[in-house]
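Dear colleague,

Please find below the structure for your review. My findings follow directly after it.

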Amino acid sequence: MNFVPTPEQKAIIGYPLRPLRVIAGAGTGKTTTIVHRLAHLVEGGLSPERAIGITFTNKAADELAGRLREVLSLLAESGREVEVTTYHGFAYSILQEFGAIIGVERDTEVVGPGYVRQLFHEAIATGSYEVLDLTWIPARVDAAVDLSGQLARNLLTASELIAKGGDDDVSLQRLELAGIVQRYDAAKRELGVLDYGDLIRLTHQLLTGHLEIASRVRQRYEVALLDEYQDTDPAQRELLRAVFGDGFPVTAVGDTDQTIYEWRGASITNFDDFPVHFPEQDGTPATTLSLTENRRSGSAILAAAHELRVELYGDAQFAPLRPIATAPPGSVAAEFFRTTVAEADWIAEEIVRLHEEEHVAWNEMAVIFRKNNDMGLVRDALQALDVPVEVGSLGGLLDLPEVADLHAWLRTIDRPGDSIALARILLGPAYRLGLRDLAPLSRWIRPNRALLGDDPDLGWPLVEAIDQLEEIDGIRPEARSRLVSFRKLYRRFLELAQGSSLVDLCRRILDETGMWNEVEARDPGSALTARVNLFRFLDLAEEWSPLRGRPTLQAFLAYLELIVDERSAAELDTANVGSEDAVVLLTAHRAKGLEWDTVFIPTLAKGVFPFDRGTLDDPVSKARFVPYGLRLEAPVDPELDDDERQVALRTVRDRQEWRTAYVAVTRAKRRLYLTGAHWYGTAQRPKPPSPILDAVGRAPGITLNVRAADPGERPATLSIVPAAGAPDPLFPTGWENALRATLADTGWPESLVGADPTSYDAAVDQIRMILDDMPEPPPPRSEETGVDTSVTGLVTLAQCPQRFYWSEVEPLPRRQAAAMRRGVKVHRRIELHGRGEMPLDEISDDLYDVTDSDEPPGNGPDPYSVYLASRFADARPRFVETPIDIGLSSGRIRGRIDAVYEPHPGVWEIVDFKSGRNRGNPAAIVQLEAYGVAAIDKALSPEPPQAIRVTFAYLGGGDLEEVTVAADASWLATARRHLEALLGQAAGPEYPQTPSQACYSCDFIKFCPAGSAFTAH
Ligand code: SF4
């Protein structure tokens, strides 16, 4: 491997096994350095299993593990790896192993923020209150969630807080809030679940109350690496000290300048005080080494970043970031406009100019915002110029029209009373109804509701009226027929929602409402924007799940409400963006850890960025905060008087804003644009330039270009007027132009068809083909249909019934399947390629039928490159990632076929791609059997093929290996019998342990005597 470390890196890599703090400035090659430190230790004789890396998010953990695997490739090939996990994952694994001692069962589930809020709603409903204001329940839920989180981050319980008492107004409110938290905790105990705060608090309790367990955990390792340590909270620090304190060779890596999560509990002092918290064995503070050579940005950009640090440090000394000798200088431009619309238009035009004149790829440019809410205008301006856009912030995603349509369907399915969502669907392009068409429904609702005894003033779900359409007069025939179509589809989705996973339901909505087809028909930029962002939403639906069990639609919708508020943990993870050729829009929090050639940072006006509002962490005036005296650490000196405290808290908030700006600025490699405007949103007064612009303007060579010194009057509207045409293949210049042309000449629409009858016929043929390809609805569930499983489940069953039992019947906890996620990633890229686009670099679990053979081989070319070199890359599949749902007499099988090609009319080749090598697994054939039977049973199309071939395409190991079987009538009959037999076996009651080579990759080996015995030999 051609890695030549700098002297700074060399010192860190070769540092002996002693406590060490590494201050790693932005862009200084932190990950490379820590990976090589671990690799150096392993090469020096440390067994990889004796090292552990802990980081913040699953994504970061996967990346770190991947980098280690690359550097230690020989060991990785033999299955020996450094353990890499997250802070919460580390705590959870200790609780799973030893938690029974303090009453935590091994299979305890961990619930996410959506479910937590649901439980808090219930806890609020079951209490009685004297001082708490309950007029707006969501605000009380927010307050109780905050209090509960802060208690956990300070290793406290609600009971301990209540025991402290208090009689002033705020304390009394806090006591009632703490009562809500107590009831919430009781509900969790009853349900046998924990939240993320509990994981840390309980693990700390376990380790400090049972020192022998802390010692056992500690003895497993010889070195620990703590990544992104500046983001840890006080409770996480204490947990880590309980295991890795007292001279243990622990290396913490971080950068105080990038601490931007104080508001959710990150401790600003954890990193600063690490040498004291984790001293040498003799008690002397740990050593600190620094990385200061920036390998990312040009010197002009570093000069701008330096000025932000000057604001943070004042007169105090700090080590400046240095560019590498070969770095180009880069450029920084600062522009200030009259209105935010002018600002957004200018950004969009400059992005187009850079792309067209300087050939900067779309995905080499990002626009980084302070808040999701600021994103809309720039997004609209870019879309008006047909620039493909990828929204990397989850909150901003829901504003995109195509995602909003899908979201509206989900809301209508889960909440029939949500008439706003329903109206969006009915008045939208799919049904094109007008309010006049809905008026007869509303008229019918009122008397009928009264008849049923409901309150007629409360209204009634519109969907009820659609259900009774036949009783309602006055609807014009065309509108009635559209409402009937809607009703049919809606009923179908209601049924699907009962038995499908969330992501499957979303996909069915996209397929069956024709949203995918509509997207495909758009102009390339707009189609790419829609496709990328819909996939991001699907990933969100897929990733949204507790550690075990399936998420419900209701909880998912609650979670979406949360991310709009930017309050969820997921919103804080680094975004997965950049593989699609689209300009990325995201918040600074989501941008942390990423980099682009060109970065725009808009909204730099006073009060907008740095943002000068938001609640200050002041327990004297706010009941939702734990009093300073009870905390492990306080944000400001508890002895300050009221005024001094307010000033100090504002300083804390402002410094965090400056650090957020620093994170945003240091994402740029070559070009940095900083922009702002006088007029924003609903503000009634113009704003001056942000102090960030003033600070950056002090750097040599950077001058703020104020384009409108006089802000003038407040503009009447601040919105972008779309210039692009409507996405309709019939009217490529847009509906508005079509309307004008028709008004001028009523024969114009006809002339469209007359001018090119062949394209009209071709369009009709295409629609016919789409209709032909619509799958039959799944057969209704019957009482006898006892077993309902997936194709992957059946393959597991064929391999080892016991493994199936522990996966599907009585699920046991499973380790994080990083390898499987890599397989999923390859499938995602192939799917996007099959749909006609370059891939989105995203991961999501168990969406695809990914089995053991999908694990990549470790080394060798990426399976996706093997796919690109194969015959499949150039062939256009007839079906891509098509869900199947087949009913046999012994049960039902669900799955998803990677691709179906039609080399000759009526001849189908069904292909399943494997990201690994062919390991000759005899059970794998079950997958092809299910696909063949699905095709012949019309699960893909009402018109079954005349001939079928089924193929496994193995992409691992650098070469394509194909295994193809001609699925003739006799093969299909055997396949059907085999599937029936397996379904029968899936019903139990016997699930024998059946050891084989598969035991080596079985998640349950540590619970399985037969598997352990097999692998021991
Ligand atoms: S370890 Fe082997 S025998 Fe045991 S459940 Fe897993 S696959 Fe079956």
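A cavity, as the term is used here, is a set of grid points where a 1.4 Å probe fits but cannot get out, computed over the protein atoms alone. A molecule sits in a cavity if more than half of its atoms lie within 2 Å of its grid points. In this predicted model, the space taken by the ligand is the largest cavity.

The surroundings of the ligand are as follows. Cys 800, Gln 802, Arg 803 and Trp 806 are among the residues around the ligand, and the shell also includes Thr 994, Pro 995, Cys 999, Cys 1002, Cys 1008 and Gly 1011. Sorted by class, six of these residues are nonpolar, three are polar and one is charged. Helix α35, which spans residues 801-809, makes the greatest contribution to the shell, with three residues.

A separate point concerns Arg 645, which lies in helix α29 (residues 642-665). This residue has a relative accessible area of 6% and therefore counts as buried, the cut-off being under 20%. Leaving aside residues up to four places away in sequence, Arg 645 is in contact with Asp 618, Val 620, Tyr 628, Val 636 and Leu 640.

As for the protein chain as a whole, 41 helices and 23 strands are assigned. Of its 1017 residues, 53% are buried. Among contacts between residues at least 6 apart in sequence, 75% join residues at least 24 apart. The chain exposes about 43700 Å², of which carbon and sulfur atoms supply 52%.

With kind regards

Technical notes
Residues are numbered from 1 along each chain as its sequence is written. This is a predicted model: local features need pLDDT of at least 70, side-chain atom pairs count only at pLDDT 80 or more; totals for chains, interfaces and linings use all residues. Side-chain values use heavy atoms; hydrogens and water are left out. Helices (H or I, at least four residues) and strands (E, at least two) are DSSP runs, numbered from the N terminus. Buried means under 20% relative accessible area, exposed over 50%, partly exposed in between (1.4 Å probe, protein chains only). Contact means heavy atoms within 4.5 Å. A residue is near a molecule or strand if one of its heavy atoms lies within 4 Å of it. On a 1 Å grid over the protein atoms alone, a cavity is a set of points where a 1.4 Å probe fits but cannot get out, and a pocket is an open set with protein on both sides within 12 Å along at least five of seven lines; lining residues have an atom within 4 Å of a point. Ala, Val, Leu, Ile, Met, Phe, Trp, Tyr, Cys and Pro count as nonpolar, Asp, Glu, Lys and Arg as charged, and the others, Gly among them, as polar. Accessible areas come from the Shrake-Rupley method with a 1.4 Å probe; for residues, only the protein chains shown count as cover.
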